[in-house]
Amino acid sequence: MESSSRPSSRHQQLTRLAETVLQPGFVGTTLPDWVRRRIAGGLTSVVLFGRNIVDPEQVARLTAELRAENRDLIIAIDEEAGDVTRLEAWTGASRPGNLALGAVDDVELTESVARDIGRELHAAGISLNYAPSADVNSNPLNPVIGARSFGARTDVVSRHTAAWVRGLQSAGVAACAKHFPGHGDTAVDSHHGLPQVSGSAEEIAATALPPFVAAMEAGVRVVMTAHLLAPAYDAELPATMSPRILVDLLRGELGFDGLVVTDGIEMSAVTARYGIGGATVRAVTGGADAVCVGGEHAGEATFDELTDDLVQAVLDGTLPEARITEAAARVAEFAAWSGSRTRAVATDGAASDIGLVAARRALRVSTEEGRGSVLPLVGAPHVVELSPTMNLAVDGQTPWGVAAPLSDLLPGTTSVRLTEDDLLAAGDLLDRKVLDPAAERSLVVVVRDAARHGWMSAAMTRLLGSRPDAVVVEMGVPNGAAPGAVHLVTHGATRVSGVAAAEFLAGRG
């Protein structure tokens, strides 16, 4: 007779299924004991974040240690390049993001950049990249997509999404088109609230879905869900947990037969309504195969909580056993495919300058009439960088801007970085920290998504009123205006875009 204190064989089987569909993160740069134990029990995936990364060599050691437990383990990362980077979170990305690639609009360049990212990820032992963003940034004030998108035009986003998928997967790393059914036409950051897409089904099909179709035609293996409400399809459930969106639309109408993974399940868009456990159960019930967790809640306790919630949901009939069995089978199938690709694909480990090439090509400059002599800068300028609060997809520690690379090219360059709180705390700060130090010198004003931040636009207007000869560098999504004697658009705030801008300002490009 089986002891009542020991889990039944069915409970053990359900636990294994639950552990298979979870994709947890963890803390630290070495393999935690709890992750090692869970891989032995059924854990099939892990996710790496910036906190797990020191340098490429350390990542390779970590992934080798993980794969020693399971050679087909799915090791995922969110490496979009550009503003959202994990491999280069501490140094700044050496490749520009999607907006820059869309601005250049050369699909061969996009494919080459994605292949270069794939080469580095493959060498580091990573098998799944939660990229590219296939969102059409049709709302210019979008607080969470912005420069992560290839642009505001569906055709541009479609062809570059396909090119990015081809490039990444040619290097042996699986791509993931996100955030289905499209996060571009939203005004709320899903890290903090539940966005809503107001378009009709016909409008969404014409504007937001084509990039996902293009990704599928390019062979994308994974699609990530969006935590948003699309009433045209489902007025009650967010896309992440909606059978109408994940089953009827994605699998039925669009014919996707690969792996469906959720966006970070701890995000407030879903947890505020359902709690983290409730959101996890509803996501799998609704058609998701894998649940990403650990960006903010990384640890054994969260993993065990979600495992127990999934098991209990099956036992009480909330989650059909056939559904979690189907989800786990898809994860296992993908793990076997990605593991074989990890071992079979050979990549060139040589460093490439394709990122700088792309960043240079993405620069766009407008010069006020009669101000052609402002550039190149003569002497060491004073640089002010107006810095917004980043959304949680962007690591706040990641270096960005123009001041640092410009000081390398023009020794003696001085700089200050100011936030909204800084300016609210001291009304004369622009005079003391910007205008006075820039007297008799060139002034460079660096902004990031100024159109979305009233305080930033106001500060820029104030500075240009006193210094109409100032150079403005726009490192976010441009809004069509071209303030400043010279207006330089980089289409993203990545480190390499700052280098390209500094070269141009100093006449070295």
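Strand β10 and strand β12 (residues 443-447) pair in the parallel sense over four bridges; two strands count as paired if DSSP finds at least two bridges between them. Helices (H or I, at least four residues) and strands (E, at least two) are DSSP runs, numbered from the N terminus. The model is a predicted one, in which local features need pLDDT of at least 70 and side-chain atom pairs count only at pLDDT 80 or more, while totals for chains, interfaces and linings use all residues. Residues are numbered from 1 along each chain as its sequence is written, and side-chain values use heavy atoms, with hydrogens and water left out.

Within its pairing with β12, V384 has V445 as its bridge partner. Strand β10 (residues 382-386) is also joined to strand β11 (residues 414-418), by five bridges, and these two run parallel. Here H382 is partnered by T414, and E385 stands opposite R417. Together with helix α14 (residues 403-409), β10 and β11 make a right-handed β-α-β unit. Right-handed means that, with the strands pointing away from the viewer, the path from the first strand over the helix to the second runs clockwise.

How many of the five residues of β10 are buried? Five of the five are, so the strand is mostly covered, where buried means under 20% relative accessible area, exposed over 50% and partly exposed in between (1.4 Å probe, protein chains only). In a regular strand the side chains alternate between the two faces of the sheet. In β10 both faces are covered: H382, V384 and L386 lie on one side, V383 and E385 on the other.

Another sheet is open and has three strands in the order β2-β3-β4, with parallel pairing. Its edges are β2 (45-48) and β4 (128-129); each has a single partner strand, so one side of each is left without a neighbour in the sheet. Four bridges link β2 to strand β3 (residues 74-77), and S45 finds its bridge partner in I74.

Aromatic rings come next. The structure holds three aromatic pairs. Rings of Phe, Tyr and Trp (its six-membered ring) pair if their centres lie within 6.5 Å; planes under 30 degrees apart count as stacked, over 60 as edge-to-face and the rest as tilted. One of the pairs, W34 with F303, is tilted, at 5.7 Å centre to centre and 45 degrees between the planes. This pair links distant parts of the chain, W34 in helix α2 (residues 33-41) and F303 in helix α11 (residues 300-315), 269 residues apart. Both W34 and F303 are buried. The rings of F180 and F212 have centres 5.2 Å apart and planes at 90 degrees, so this pair is edge-to-face.

Charged groups also meet rings. R221 lies over the face of W337, 4.1 Å from the ring centre, and the charged end of R448 sits over the ring of W400, 4.7 Å from its centre. The criterion is that NZ of Lys or CZ of Arg is within 6 Å of the ring centre and within 35 degrees of the ring normal.
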